[in-house]
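Let's take a look at this one together. Have the sequence and the 3D view open as you read.

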Amino acid sequence: MMAAENIQGAPVQSAPRDLAASLQAASVRFGTFTAIEELTLDIECGSFYTILGPSGCGKSTMLRLVSDLIPAASGDVTIFGKTTEQARLAREFAFVFQDATLLPWRSALKNVELPLEIGRNRGIDIPVGSRSPRELLELVGLKGREDALPHELSGGMRQRVAIARALVCQPKLLLMDEPFGALDEMTRDRLNLQLLDIWRETGTTILFVTHSIAEAVFLGQKVIMLKSHPGRLREVVDIDLPEPRTIAQRDTPEFNRYSAYLRNLLETC
Amino acid sequence: MAVIEDMQSVPSIEDVEKIKDRRRRMAAVGVPLGTALGLIALWQIGVKLFGVPTYIAPAPSDVAGAFISKFPVLMENFWPTLFESVAGFAVGNIAAILIAVAFVHSRQVERAFFPIAVFINTIPILAIAPILVLIFGPGITAKVVIAALICFFPTLVNMVRGLQSVSPQALELARILSASKSEVFWKMRLPSSLPFLFSALKISATTSVIGAIVGEWVGADLGLGALIIDSTFNFNSPLLYATVFMSSGLSVFMFAMVTLAERLVVRW
Ligand SMILES: Nc1ncnc2c1ncn2[C@@H]1O[C@H](COP(=O)(O)OP(=O)(O)OP(=O)(O)O)[C@@H](O)[C@H]1O
Ligand SMILES: [Mg+2]
């Protein structure tokens, strides 16, 4: 099982691939304010995308647009060829928020099980992943803490529960909005490595918003740079670092070259 | 070396902490208890010293005597008040919870009925009690209604707040999972309202007793409220004081029950 997923998730640069998500001249407006203007972007299946951009440029808005939380004022957004609503109803994607958004009265395990409970009594066909909630908690390194309530867990642990919850329906697209933004550097490093493991194992496509250039380069196969006023695509930068990524790569000249390039780009956004 | 030996002979830091902790806990109970006993002693001495007549202010010993000699009478009057308080507590809070659910479900309903709820809340309970006794007669129904009424508003307001206290992010999660309105209600709104509900229930645990007693003042043959009126008009101060203590004991009991339930239910 793992081997098969590995092949599916392994980065293949050359071959043309299916699209996980596609935005065609999509715009988002809040009243008269244009948050995103004519954004055209193709998200390839199985890749790890990180999204960078100045604060307020519309990174969260873009994820919310893709996840059908807000509608496009114009243009078109498709996910695996479906409308965002169809994809939402089919649980094609999952969302990880900046704060874990766990239900405080539910244990870690019960929180991971939540997506399986929603819709069950309405006879909705919920995609069930190959891993049980228990196995997912183990995957994110929380074996033994299944019965802990969220307030008994640290911030990093809570975020890992949220990731396990996001994986429980085996989403083909994982949307993450600064999931590790509130964590300390060491925890963040550890969770970054864990996330890369999960990504390689599951072969899911990931869209990951971050404020950290280092995190964007470290995680991303591609960095989507947005610019503000209004939110538009600035550039998609391919990160050609050897896989699998290791913490040690951060000190290599290539890594620093990418960082410097992105920093310069960010300044002109 | 000397330091190490010292460390072994002296109780470990943990032990010291434990002893300190025990002392702290004993102080937490002992200080208020001691103060109360001191005040009672002061009351006893003051009444005896200044020869205050018993009908104006009975000594604690008189009150204790009344407690013992009139215990059957006190209990006979305790049960109706307990029943009215508990029934009023249940009726008032269930009504408040259901109406809060309706308010959160539909803004239209809230807009129509919330001003009425506020208006009812502004009428002093003492003013509305005679009206209710006229409507429902001298039986226990009127007392239950008064107790229910006094419980109603705090729970309504808190419950509405509680049901709306789900974070916007949790609602976005619900939307991404395509949760239905009833799933959001049962899995998110209702559980997150529980801490709010319990703080309201703690208020009503004591106010429902007040409601029942006020109802009994207006017209009743039985109940702690009736006994208060009765012993006041008969200048039976020791019995009056004993009845008052009985009433506050009832409030404390109701409050303790709600607190216990809260501990069991709200574990987060
Ligand atoms: N619900 C809303 N109503 C009105 N304006 C909004 C709303 N949500 C976002 N905006 C505006 O849209 C713009 C983009 O917001 P967004 O949250 O997507 O930024 P962001 O790139 O995620 O910023 P940050 O990096 O600080 O999280 C901002 O100018 C913001 O003020
Ligand atoms: Mg954001």
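Here is a walk through the ligand site and then the place where the chains meet. Keep in mind that this is a predicted model.

**Around the ligand**

Start with ligand 1. Its shell is made of chain A residues, including Phe30(A), Phe33(A), Gly58(A), Glu178(A) and His211(A). Sort the shell by type and you get four nonpolar, six polar and two charged residues. Two elements of chain A, β2 (33-44) and α2 (59-66), each supply at least two residues of that shell. The biggest giver is α2(A), with three residues.

| Side chain | Distance to an oxygen atom of ligand 1 |
|---|---|
| Ser55(A) | 2.6 Å |
| Lys59(A) | 2.7 Å |
| Thr61(A) | 2.4 Å |

How much of ligand 1 does the protein bury? On its own, ligand 1 exposes 630 Å², and the protein buries 62% of that.

**Where the chains meet**

Now move over to chain B. Here 27 residues of chain A are in contact with 17 residues of chain B. Together the two chains bury about 2,100 Å², with 65% of it on carbon and sulfur atoms.

There are four salt bridges across this interface. One of them joins the side chains of Arg122(A) and Glu183(B), at 2.6 Å from N to O. Polar contacts between chain A and chain B come to nine residue pairs.

Which parts of chain A face chain B? α3 (84-89), β6 (93-96) and α4 (108-117) each bring at least two residues to the touching side, and α4(A) has the largest share, three residues. That side of chain A holds 12 nonpolar, five polar and 10 charged residues.

Technical notes: Residues are numbered from 1 along each chain as its sequence is written. Chains are lettered from A and ligands numbered from 1 in the order in which they are written. This is a predicted model: local features need pLDDT of at least 70, side-chain atom pairs count only at pLDDT 80 or more; totals for chains, interfaces and linings use all residues. Side-chain values use heavy atoms; hydrogens and water are left out. A residue is near a molecule or strand if one of its heavy atoms lies within 4 Å of it. A polar contact is a pair of N or O atoms within 3.5 Å; within protein, one must be able to donate a hydrogen and the other to accept it, and residues adjacent in sequence count only if both atoms are side-chain atoms. Accessible areas come from the Shrake-Rupley method with a 1.4 Å probe; for residues, only the protein chains shown count as cover. Helices (H or I, at least four residues) and strands (E, at least two) are DSSP runs, numbered from the N terminus. Ala, Val, Leu, Ile, Met, Phe, Trp, Tyr, Cys and Pro count as nonpolar, Asp, Glu, Lys and Arg as charged, and the others, Gly among them, as polar. Contact means heavy atoms within 4.5 Å. Buried area is the accessible area (1.4 Å probe) that two parts lose on being put together, summed over both.
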